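I went residue by residue, then turned to a pair of helices.

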Amino acid sequence: MVSVKAYGLTDRGLTRSHNEDYFEIDSSQNLYLVADGMGGHRHGEVASQLAVRTIKDFVDKTSHQDATWPFVPEPRLRRQTNVLKMAVRLAHDRVMYAIREDRRLFGMGTTVVGFLLDDDQAAIAHVGDSRAYRLRDGQLELLTQDHTWVNEQVVAGFLSLDQARVHPLKNVVTRALGGEKDIAVDVREEQVQRGDLYILCSDGLTTMLSDAEIQAGAESSASLAEICRNLVDAANSRGGHDNVTVIALGIE
């Protein structure tokens with residue numbers, strides 16, 4: 001059986017007046033979450049914290065009792081993948097409900113990426129442009145696809161990755177908790193291996209650093225804390241235009 005060590009760090013960045021990112025490390029459930037309150041929207045930090053708390057509460061609830069699941073599980077998915085996917089959908093509903101109850105919150109939203117480990121099987125769920133990476137045998141692989149306008153153009157072949165990185169619409173998110181009435185949650189199942197390093201992060205990191213720079217920062221650091229600190233510092237050294245959050249997960 002594998003074990004996991006984790007460290008997380010969030011930073012306001014150099015230009016934002018407050019931090020709308022939020023993260024959770026729940027070692028008892030092997031649950032790890034990064035949420036990025038929508039920049040430019042009001043009360044983004046309310047949405048990110050509400051989403052993370054809702055996901056954590058649902059995972060806790062389903063682990064200790066035969067709780068009623070709010071959605072029909074998908075037979076093709078493992079139990080923990082269904083749990084994480086439902087938790088994210090439930091978080092979306094809670095953000096939407098909060099907006100309906102308090103119109104001052106209108107316009108808030110959040111992206112989220114979550115990692116839930118059961119034995120050596122990991123479930124990864126995400127909405128928006130918060131990302132999950134895996135570093136294995138010297139190769140960094142992006143495990144999520146951004147729900148952004150520029151990524152859709154890249155997938156369609158209309159933009160290159162280099163063009164997308166500097167495009168004026170690079171921050172336009174096409175999917176977020178608190179957005180459309182119904183939310184589609186992308187999930188992925190992974191068999192982890194000893195020596196794997198997983199990185200969860202907000203776009204405050206990935207808009208400042210390339211994937212090659214993220215890999216270099218991860219490989220050159222001796223500890224999980226140093227990985228997070230070095231990546232956050234590197235993002236800020238490039239201008240720190242956004243809040244930045246990093247969780248590093250080491251599989252042992």
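Entry 1. I looked up G217 and found it in helix α6, residues 211-219. Helices here are DSSP runs of H or I with at least four residues, strands are runs of E with at least two, and both are numbered from the N terminus. The model is predicted, so I note that local features need pLDDT of at least 70 and side-chain atom pairs pLDDT 80 or more, while totals for chains, interfaces and linings use all residues. Residues are numbered from 1 along each chain as its sequence is written, and side-chain values use heavy atoms, without hydrogens and water.

Is G217 buried or exposed? It counts as buried, because its relative accessibility is 15%. The cut-offs are under 20% relative accessible area for buried, over 50% for exposed and partly exposed in between, with a 1.4 Å probe and protein chains only.

Entry 2. I list A212 as exposed, because its relative accessible area is 56%. From A212 to E180 the C-alpha separation is 34 Å, and the two are 32 residues apart along the chain.

Entry 3. I then looked at backbone angles. Most residues other than glycine have a negative phi. N30 is not a glycine, yet its phi is positive, about 55°. N30 lies in the loop between β2 and β3 and is partly exposed, at 22% relative accessible area. D137 likewise is a residue other than glycine with a positive phi, near 50°. I found D137 in the loop between β6 (131-136) and β7 (139-142), where D137 is exposed at 73%.

Entry 4. I moved on to helix α1. Buried residues of α1 include G44, S48, V52 and D60. Which elements do the buried residues of α1 pack against? They pack against β2 (21-26), β3 (31-37), α2 (79-101) and β4 (110-118).

Entry 5. How do α1 and α2 cross? Their axes come within 8 Å and cross at roughly 140°. That makes α1 oblique to α2. Axes are lines fitted to C-alpha atoms, for helices over the stretch in contact, and angles run from 0 to 180 degrees between N-to-C directions. Under 35 degrees is roughly parallel, over 145 roughly antiparallel, 65 to 115 roughly perpendicular, and the rest oblique.

I noted the residues in contact (heavy atoms within 4.5 Å). On the α1 side they include A47, L50 and F58, and on the α2 side V83, M86 and L90. By class I recorded 15 nonpolar, two polar and two charged residues. Ala, Val, Leu, Ile, Met, Phe, Trp, Tyr, Cys and Pro count as nonpolar, Asp, Glu, Lys and Arg as charged, and the others, Gly among them, as polar.

Entry 6. Last, I looked up P70, in the loop between α1 and α2. P70 is partly exposed, at 41% relative accessible area. What does P70 touch, leaving out residues up to four places away in sequence? It touches F58, M86 and L90. P70 and L90 are 20 residues apart in sequence and 7.8 Å apart in space, C-alpha to C-alpha.
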